[in-house]
Every structure is written in structure tokens, then in C-alpha cells.
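Please open the structure in your viewer and keep the selection tool ready.

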Amino acid sequence: MKVQKALERIRTVVVKRGGPPVERTVAAELAAQLPSAPPVREAEAREIKTREGVGFFIETDGGRAPESLSGRPGAYLSLEESGAGGLGATAPEHLYAAFRHVVEDLSPRDVSFPFNWSAAFSFPFEKSVFDLFLNQYARVARPFDKERLLREYARLGFTHVEVNSLAAPFPYEQGRQVPGEFYPDFYTYAPALDQFVSSRLNRGLYPGEYLSANLDRLKSHARLASKYGLRPGLVCFEPRSVPEEFFQKYPTLRGPRVDHPFRSFRPRFSLTLAHPLARRHYA
């Protein structure tokens, strides 16, 4: 009997109440692709672990992980001929990849029941770096489906993803612009923390609406990443240059020159990391 046939007999899909978003994502996708379209319900964790016949459960805490995964990151499937069983992972970032493996690769297999599968992941930490379309200069490409990209990251087994990018087509730079200079466009790459929030030290340096738009974009990326179990994080090129107007107000905080002399037409400086005020600003 094929795994798919047993999956089609699932009567209900159960997730933990208050569990991570990826559990509900997997439960909804599984239910949507089964002919019976079983309902998805939430239950307390102890109910899922102790009661029999609750249906097909989804979990990400490794509660029912086999001994072969003891202390190792991975995923597992247990399935009865009746459709009872469950799909689990040792952490949320591994669940979606396991789910896609079950429906894409295991479903067509003829197996004997009860069927149990588990796999340890070779690399517990797989991250995206310099995501061209989600965060860098191709982020303005149209049409571009951000959710589809993040879903594919999760399907391929990525665990972490960078989420910081600018909302506007071009970075903001305060002060006099040098004709013909392209250098400000490089601020698009791995935007720094001061492009999203301000501290008491640099408040007012960037327009409030500019920071708010960038922060809203970052949060939306983080929510989409969490939906598929990915852990959102920041990739920032630091220390970055700050506007010259800042050093006119705080001359003792001027740090090293950090621009590329071949690409920039005027020097740019970062904060001195030796000063307590600068360190407090970063914190």
C-alpha cells in the first residue's frame, strides 16, 4: 500500500495550541491537498501526546522523535494504515522541508504498515547570505513573489534567512550629492541597523517615514519566514558611514574612513567604536 493512500485516510490534522506558525502552515497545506480535506484543529500538547486516535499530529519539539535522532537535528514520520500518526521535527526550521519530502518523495512509495521514517540533517544551520531579490538591488524587480521564495528556501532545507532590506528603490543619503557619483547606491547592500531604528544619539538623522517603511518591510519578511519555520535574522555590513552632518554635531565621534576611494567622490567616515557613546548607540 502506498503512503499517499494512508495519508488520504486522515480524518483530522492536529497542531499544538500556541505552537510555532510553521505547524499551522504544514497542517493547512497537508489538509488542502488531500481529497478528504480533513479539518485542522488545535489541542493542548499533553492531549496530543497522551490520547489515542486524535488523528494526524504535527509537532516541532521532537516529543515523539525516535532514538536514532537523540541529540541530533532531524525529522520523522509515523503512519498507520488508517491515517493515524504524525509528522514531527526536532525544531521548527526543519519541519517544512520534512513535509515536502513526505508529499513529494515518500507518498508514491509502497510500504508496509505501520510505517516509520526518520532522517537526521547533516547541517543544522543553513542560511541565506546576500539574497539578491529579497533584500539587495534586485528587490524592486516585478513581479516578484517573496513568499514563494521563502517557501522554497524552507523546502530546500534552509534554516535561517536574512530579512533586512530597504523599502525605497534607492537608499537615503543626507547632504549634498556629488554629480555623477554612484557610491550611495552601495548602501543597498546588507543595510545597517540605523536604516531601521534610531537611538538618542542619531535621532532625526534619517526621516521617520523612511525608517518606518524599512522596519515594516523587515517585519513582513520576518513574519513570512516564520510562517515556513525559517529563523529570520539580519546581515549588516558594519561599521557603515554616517552622514557628515552627524560629525558636525559630534566631531569627537568621527571614526575611520570606510568608503572605497575608487568608487566614491568624497570621503565618508563611520563612528569610532572606541567611544562609549558609539558602543551604547549600537547596543
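**The whole chain**

The chain exposes about 14700 Å², of which carbon and sulfur atoms supply 54%; accessible areas come from the Shrake-Rupley method with a 1.4 Å probe, and for residues only the protein chains shown count as cover. This is a predicted model, in which local features need pLDDT of at least 70 and side-chain atom pairs count only at pLDDT 80 or more, while totals for chains, interfaces and linings use all residues. Residues are numbered from 1 along each chain as its sequence is written, and side-chain values use heavy atoms, with hydrogens and water left out.

Along its principal axes, the C-alpha trace spans about 75 × 40 × 30 Å.

Of the 283 residues, 43% count as buried (under 20% relative accessible area; exposed is over 50%, and partly exposed lies in between, with a 1.4 Å probe and protein chains only).

**Helix H4**

Next, select residues 95–106, which form helix H4. Nine of its 12 residues are buried, among them Leu95, Tyr96, Phe99 and Val103.

**Asp194**

Now select Asp194, in the loop between strand E7 (160–162) and helix H6 (208–227). Is Asp194 buried or exposed? Asp194 is buried, with a relative accessible area of 10%. Leaving aside neighbours within four places in sequence, Asp194 is in contact (heavy atoms within 4.5 Å) with Asn202, Tyr206, Leu211 and Val242. Show side chains as well: that of Asp194 makes a polar contact with the side chain of Gln195 at 3.0 Å. A polar contact is a pair of N or O atoms within 3.5 Å; within protein, one must be able to donate a hydrogen and the other to accept it, and residues adjacent in sequence count only if both atoms are side-chain atoms.

**Ser270**

Finally, select Ser270 in strand E10 (residues 269–271). Ser270 is buried, with a relative accessible area of 0%. Not counting residues up to four places away in sequence, Ser270 touches several residues, including Pro239, Phe247, Leu253 and Val258.

Terms used:
Helix = DSSP H or I, 4+ residues; strand = E, 2+ residues; numbered from the N terminus.
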